[in-house]
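Here is a short briefing to read with the structure open beside you.

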Amino acid sequence: MTPQQKVEADPYFPDNGDPRYRVHRYELALDYRPGPNRLAGTARLNAIAGRAPLTEFQLNLADFRIGRIRVDGRAPHYAHRGGRLRVRPQKPIRAGAAFTVEVHWSGNPKPVSSPWGEIGWEELEDGALVASQPVGAPSWYPCNDRPADKASYHISVTTPSMYSVVAGGRLLTRTTKASTTTWVYEQPAPTSSYLVGLSIGRYQTVLLGDPGEGGVPQYGHIPARLLPQFSRDFARQPAMMELFQELFGPYPFGEYAVVVTEEELDVPVEAQGLSLFGVNHVDGARGSERLVAHELAHQWFGNSVSVADWRHIWLNEGFAKYAEWLWSERSGGPTAAQLAEAAHRKLSSLPQDLRLADPGRKRMFDDRLYERGGLVLHAVRSALGEEAFHRMLRSWAGVHRGGVVTTGAFTTHAARFASRPLDDVFTAWVEETALPSLAPPVPMRPSYPPSNAESG
């Protein structure tokens, strides 16, 4: 890599992704057998070279056996070590030229190691799921694993017919042949590699609410025995969807699905058009409702509007945290001001050594990042006032729909809606580590009364 390319690499995960090219479409054909945990796949990547000719490029793929590789139909030289697949085409690819890569691989998928334990493909007692944030995507398919490289996806999965396959996107076809069924999904929206979700299990599928004409279809895929609890715990998700579309703008994808696995998960995990919950998040008492709101909000903030690199992760988690508070405020729970006060009290008792603008790899998922990120939004709301804040939020999600952003882009965007400079707000909350004083409360909007807010 040249010095310039090293600068462009993700500062937290320099071995993941290759900034010398970008992928605009993945076509994945997978065959998975849960018993032996055996995966065989073919990937076709449609890509475009960057500003310099490509004499070689890199994909990320875990420890699988490579069957064959083709670049524009020709066999390249390649080396596969340490989760990196280095490919040298027979002829250099011209700057700006389109090219295709085909990879055949097989083996026993397993999670990849990370500072937070093992992530990615997880074999369950009866099925499998994928939870890839931030670098688990190579645990099951070859990819340019950097959040800024967003592409469309066509995913075909063949598995024994007793299992359901759920992926983010629209189910195009489901074809049964002998004892296997092939499920084909299409996700046309630009998607980061870590946000490609997949779950294989024995699920019952239900429709959440009636989307009506032009509405967003919302599906639940759950173990049948959990249907009574699920029906109550997720009853208000359609109202959340209605509220978030009012606050953030139109839902950015074609549909939304939630999966509940038979196993416990430490936290729910968002994917593009899909969220994964554990059995421990379903209690029949709405005990995890704030997490239902959090994961739904990620569809706007994190999935549609994605980070350019992992230094800016607070833009994902802080916005989703504040969405929890907005839902609570507008559905009859504690107000955002009350929740901000509680978060501030919590943070005041903890070490104040986290810099939100660049927390460092080890602190990407620190609880303080979530809470302080929410407080940034509350401080901006106090500075802008209600009307300007909500215009700013909706504009942010709309202008950057399908794109990537940085902290600097957000501070510049928010400033356009302010009657006075916001530099002191962002310096104190985002750039410095000391905890600022809580902003004065702002007048609350009238309580939001969705028609099905108390259903279930």
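This is a predicted model: local features need pLDDT of at least 70, side-chain atom pairs count only at pLDDT 80 or more; totals for chains, interfaces and linings use all residues.

Strands are DSSP runs of E with at least two residues, and they are numbered from the N terminus.

**Backbone geometry worth a look**
- Most residues other than glycine have a negative phi, and most peptide bonds are trans.
- Ala-178 has a positive phi of about 60° although it is not a glycine, and this residue is exposed, at 78% relative accessible area.
- Asp-72 also has a positive phi, near 50°; it sits in the loop that links strand E4 (65-71) and strand E5 (77-81).
- With a relative accessibility of 43%, Asp-72 counts as partly exposed.
- A cis peptide bond joins Gln-133 to Pro-134, with omega near 0°, and Pro-134 belongs to the loop between strand E10 (127-131) and strand E11 (151-160).

**Helix H6**
- Helix H6 covers residues 336-348, and its 13 residues should span 18 Å at 1.5 Å a residue; the end C-alpha atoms are 18 Å apart, which agrees.
- Ala-336, Ala-337, Ala-340, Ala-343, His-344 and Leu-347 are the buried residues of H6.
- Viewed down the axis of H6, these buried residues fall within an arc of 120°, so they line one face of the helix.
- Their cover includes helix H5 (314-330), helix H7 (367-384) and helix H10 (423-431).

**Annotated span**
- An unreviewed UniProt entry annotates residues 239-429 as "domain: Peptidase M1 membrane alanine aminopeptidase".
- In the model, residues 239-429 are 51% helix and 8% strand, with end C-alpha atoms 31 Å apart.

Terms used. Residues are numbered from 1 along each chain as its sequence is written. Side-chain values use heavy atoms; hydrogens and water are left out. Helices (H or I, at least four residues) and strands (E, at least two) are DSSP runs, numbered from the N terminus. The expected span of a helix is 1.5 Å times one less than its number of residues. Buried means under 20% relative accessible area, exposed over 50%, partly exposed in between (1.4 Å probe, protein chains only). The arc is that of the directions from the helix axis to the C-beta atoms. Contact means heavy atoms within 4.5 Å. UniProt positions are given in the numbering used here, feature names are shortened, and annotations may be inferred rather than shown by experiment.
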